[in-house]
Amino acid sequence: MGAVRTAVIGVGQTKHTAARTDVTMPGLVREAALEALADAGLGFADIDAVVLGKAPDTFEGVVMPELAFADALGAVGKPLLRVHTAGSVGGTTAIVGAKHVMAGVAERVLVVAFEKQSESNATWGLTIPMPFTPPLVAGAGGYFAPLIRAYIRRANAPAHIGHLVAVKDRLNALRNPKAHLHLPDITLEQVAESFLLWEPLRYLDTCPSSDGAMALVLASEDAARAAPGPVAWVHGTAMRSEPTMFAGRDQVNPQAGRDCAADVYRQAGIRDPRRDLDCAEVYVPFSWYEPMWLENLGFCEPGEGWKLTEAGVTAFDGEIPWNPSGGVLSSNPIGASGLIRFGEAAQQMRGRAGDYQVPVRVGKALGHAYGGGSQFFAMWVVGAEPPD
Amino acid sequence: MTATSDPAADAPLVEHHVLEYPGGYTRSLGPALSAFFTGLRDGRLVGARTPDGRVVVPPAEYDPHTGAAVEEWVEVGPAGTVTAWTWVARPKPGKHHLDRPFAFALIRPDGADTALLGVVDAPSPDVMAVGMRVGPRWARARHGTVRDLEAWVPLEAGARPEPAPPDEAPEAADEPVTRIVCPIRLDYEINAGVATSRYLRGLAQRRIIGQRARDAQHVYVPPRGSDPMTGAPTEIEVEVAQTGTVTTFCITNIPGLSELAPPIPYVTAQVLLDGAATPWFGLVTGCAPEEVRMGMRVRAVWADEPAPDARTLIGFEPTGEPDAPYETWKDYA
Amino acid sequence: MTRRVGIVSFAQVTSPCERRRNEVELVIPVVQEAVAASGIPRAEIGFTCSGSCDYLYGGPFAFVSGLDAVGAWPPIRESHVEADAAWALYEAWLVIRSGEVDSALVYGFGKPSTTDAAEVLGLQADPYTVAPLWPSATDLAALAASAAIAAGVLDERDMAEAAAAARRAGLTNPHAVVGEDVTADELLARPVTHPPLRDADLAPVTDGSVAVVLAAEELARKVCDAPVWITGIAHRVDTPSLGARDLTDVPSARAAAVAAGVGDGPVEVAELAATHSHEVVLLRRALGLGPEVAVNPSGGALVANPVVSTGLIRIGEAAAGIRAGQARRAVAHAASGPALQQNLVCVLEGD
């Protein structure tokens, strides 16, 4: 189609944690941005455009905070764009950044996403009651837990599957120094006995609330060739949305997710994701979403996702590791989480994932983000080699 | 059933809405703003010197022009010069610090190259002018917030500002200030919209009235004004039954998630009302949580005093009928 | 990738105080009208992008409610910016230029009448040292005007001329919520309410929505007899520190205008999203618009200011002027942030 080929040439993130009490919000994003720039061998002056993504502004109580952070982002005198697509925002932010390069408008783009949830409270921020809008009486988990029940019924899944994911992702996180949760003693029993929040979800089946920032430097092919380190090439990007509620909606295995995956796989030449990817960084905020997304993303037929999880197919040393970084279950600065998925997929393809590096055999990885009532999806496939 | 043509039925429903994080936002400070707020608590104005030698106040963490980190703190002022001003004739109680009309001004403290926003306690706008000299009036009790500098006041020609009085605040004055708390309260008058108003007025009559688009069959409950699949307006009202089927649910064990949450454990469910195309979300009551099951038949539970309000439809309770066969609702769960 | 992108339709709704409809009900008519007028079936529009502001809405996820008005089934490629819909148009323009899609629906919506919008927008300022003092967006703009006047860059009469011209133009704009046959002298006789600004120098509170359909050149020519081409579009942002900015100019608007190529040809019409009259003067200068340019024939934001729709409406109005034969080349401007901190400039041309 003539789009400029685009690569990830720098990645940076803060050590995600419950509360960063030593920095301001601009300081937080700055930390991630500096690390990404250093990784790319660049300074702020080399950046042509800045894209920032985050969750609703009510989390931090600042209207359009990217405006107040323009200095910290080195964005003064440059294009600065703010993306907000609910939980998928981190992924969308990367895609919008990539579009700047693909459209030939920028050679180097700084993409940043963050959340400083400790300024308020994530539960409050997500469920602020609005007049005349049916309230989420049971919070965000109360929306997803019934869908998980529906999945368990459809797939006839045994009760412990979620716990397997809860343990797997936290053990993976032990290899990732940037992950928020480091739970070296976590066991299946511990998860199964943790506090029951929204049946069937237990405390350890759910993600933490984190302060954190993630940054990528995206570059055109020409600029990527000058990068000092290995780069990850963008092979495909896709976004899909569907309405929150409509007649006949499959909330458990949403069409928008399936369509989004099909689109990004087509662009990246992926026919069988289980075989044609080295790993996947997938937005799994509640443990059961791994088997659900395995089906939604076409890694298996509907009803079979839990079997893959149970068989260890997605384990760190499995056939197709899912969330080798520890995933959202180990770190969740909401606005950044999608970008962390996209960025960690890139790190795997750059061979920069340190102790949680998976073998790169095929040379492609999937980054995935979703948000809203399982209605907004953003995905990309990145590769160790340039696309054909 | 068609809508009533009673004009009062179309009057918009309006509700006052307050957006406020209880207790205010806790904002942690980095080194630059910690220096600034600690300075305020100590009765001093602190700026920063950027790498190119300019003095910036409030101390920016990053140079406004180059983005470079700034790490050298400099005391500035205490007096300053007004570089811009405006007047607030109606101060907002609880937000503006002064309860009498005042000026906002950009004030460049002596020794600084930039101006900071300040409140000037002046008797009238006639006193204000770009170029005038002002000095800080410090609060007697200072806590490391912007209000430690209670206000700027006009300075007579050649006069020096009063020094800051000793801090009367009881808390420890030796530790640097590392965070500030920022209360933010915003008020809104929100109207329900045409579709939602009709639905809520129906609830007030203990009726559940959905809507569908002209050329479609799907009845949306609650209606939102458009068919989400096409964007077409949903102009036709259809009353649906007050019975339905639980398609899925969960038992919540966390107290206090919402004002409407009953004591834990409680059940929230998706309920497919007979005749509706989309499930209704809400409470299931009238039985023990462990008795709730997918496919359970339920009927509406109404508040004693119905009002055009979502809370009038409290939730659903079991009817006692046999469960609906899986085939009749499996596409909804 | 140099495929040209054209505007093929535009629709807007404004109301001084929308008490009946909520946000989704404001979006339905503009999306329906713009899509119908575009000649492109809704199901074939490749990308959808909106602009809105949660804090104007009063809670999180305002954009999700807007999506119900669009008809997002089968699932659509869709995105959202927390900004004026002019920036949503920018994102859509990028996506079309990247070659992924051939068309896009862009829309914005907001109901600032439900709250004290100037107070809410004041929370765009620095959250540590400025917002806790609660200056409103009007206070911050007034400070900028004060500085500009003190520097001799403009005066009260310049502002009154701009305000009077806007109000007169509002008389013939069906979407204006303000219209008055008034002279600068008459306005100068009215009280100063936010020194140095008078009420007529401020944009009116306006609820509203806007939608625009974009198409790549080949498709645009197929569906539209007179597409309006976006021949340049760029945006830039200034430092947030009001006391560190050059308030005698609008540097980011100046830079955006250069990047968009405003000066590459004659400009006949300019629609500027100035929400305070002194900003008309400053922007005119920053964009290099001489006296021959007809500024804000619609009346501009000073006669209707549906926040987060205003900038896209400027683009739509400028395009409409070209379609109507009033100009061949026009400039449209959008702004965001306190006192014109961020500016977007768009150059539009007819065939």
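Biologist: Which residue stands opposite Leu283(B) of β17(B)?
Modeller: In this predicted model, Thr268(B) is the residue opposite Leu283(B) in β17(B). The two strands involved are β16 (residues 266-273) and β17 (residues 280-284) of chain B, which pair in the antiparallel sense over five bridges.

Biologist: What happens in the hairpin of β16(B) and β17(B)?
Modeller: Six residues lie between the strands of that hairpin, and Gly275(B) takes a positive phi near 105 degrees.

Biologist: Which strand pairs with β17(B) in the parallel sense?
Modeller: That is strand β19 (residues 313-318) of chain B, which is joined to β17(B) over two bridges. Within this pairing, Val284(B) stands opposite Phe316(B) of β19(B).

Biologist: How many residues of β17(B) are buried?
Modeller: Four of the five residues of β17(B) are buried, and the strand is mostly covered.

Biologist: Staying with chain B, what is the order of the strands in the open sheet of three?
Modeller: The order is β4-β3-β5 in chain B, with antiparallel pairing. The strands β4 (55-56) and β5 (72-76) of chain B stand at the edges with a single partner strand each, so one side of each has no neighbour in the sheet.

Biologist: How many bridges link β3 and β5 of chain B?
Modeller: Strand β3 (residues 45-49) of chain B and β5(B) are linked by five bridges in the antiparallel sense. Gly47(B), for its part, stands opposite Val74(B) in β5(B).

Biologist: A single residue next. Is Thr196(B) buried or exposed?
Modeller: Thr196(B) has a relative accessible area of 10%. The cut-off for a buried residue is under 20%, so Thr196(B) counts as buried. Thr196(B) lies in helix α2 (residues 194-204) of chain B.

Biologist: What is Thr196(B) in contact with, leaving aside its neighbours within four places in sequence?
Modeller: Thr196(B) is in contact with Phe132(A), Pro223(B) and Asn22(C).

Biologist: Let us turn to the contact of chains C and B. How many residues does it take from each?
Modeller: The contact takes 51 residues from chain C and 58 residues from chain B. About 4400 Å² is buried between these chains, and carbon and sulfur atoms give 60% of that area.

Biologist: Which elements give two or more residues to the side of chain C that touches chain B?
Modeller: Those elements are α1 (23-38), α2 (54-57), α5 (117-122), α6 (137-150) and β5 (192-194) of chain C. With six residues, α6(C) gives the most to that side. By class, the side of chain C that touches chain B divides into 26 nonpolar, 14 polar and 11 charged residues.

Biologist: And chains A and C: how many residues of each are in contact?
Modeller: The contact involves 56 residues of chain A and 52 residues of chain C. The buried area between chain A and chain C is about 4700 Å², with 65% given by carbon and sulfur atoms.

Biologist: How many salt bridges does the count give between chain A and chain C?
Modeller: It gives two. Lys99(A) and Glu100(C) meet through their side chains in a salt bridge of 2.6 Å, N to O. The residue pairs in polar contact between chain A and chain C number 16, both residues being at pLDDT 80 or more.

Biologist: Which element gives the most to the side of chain A that touches chain C?
Modeller: That element is α3(A), with five residues. The side of chain A that touches chain C has 30 nonpolar, 15 polar and 11 charged residues.

Biologist: Finally, why is strand β4 of chain A largely enclosed by the rest of the structure?
Modeller: Eight of the nine residues of β4 (residues 108-116) of chain A are buried, so the strand is largely enclosed. Strand β2 (residues 49-53) of chain A pairs with β4(A) in the parallel sense over five bridges, and Val109(A) is the bridge partner of Ala49(A). Strand β7 (residues 211-220) of chain A pairs with β4(A) in the antiparallel sense over nine bridges, with Ala215(A) as the bridge partner of Val112(A).

How values were computed:
Residues are numbered from 1 along each chain as its sequence is written. Chains are lettered from A and ligands numbered from 1 in the order in which they are written. This is a predicted model: local features need pLDDT of at least 70, side-chain atom pairs count only at pLDDT 80 or more; totals for chains, interfaces and linings use all residues. Side-chain values use heavy atoms; hydrogens and water are left out. Buried means under 20% relative accessible area, exposed over 50%, partly exposed in between (1.4 Å probe, protein chains only). Two strands pair if DSSP finds at least two bridges between them. Contact means heavy atoms within 4.5 Å. Buried area is the accessible area (1.4 Å probe) that two parts lose on being put together, summed over both. A salt bridge is a side-chain nitrogen of Lys or Arg within 4 Å of a carboxyl oxygen of Asp or Glu. A polar contact is a pair of N or O atoms within 3.5 Å; within protein, one must be able to donate a hydrogen and the other to accept it, and residues adjacent in sequence count only if both atoms are side-chain atoms. Ala, Val, Leu, Ile, Met, Phe, Trp, Tyr, Cys and Pro count as nonpolar, Asp, Glu, Lys and Arg as charged, and the others, Gly among them, as polar.
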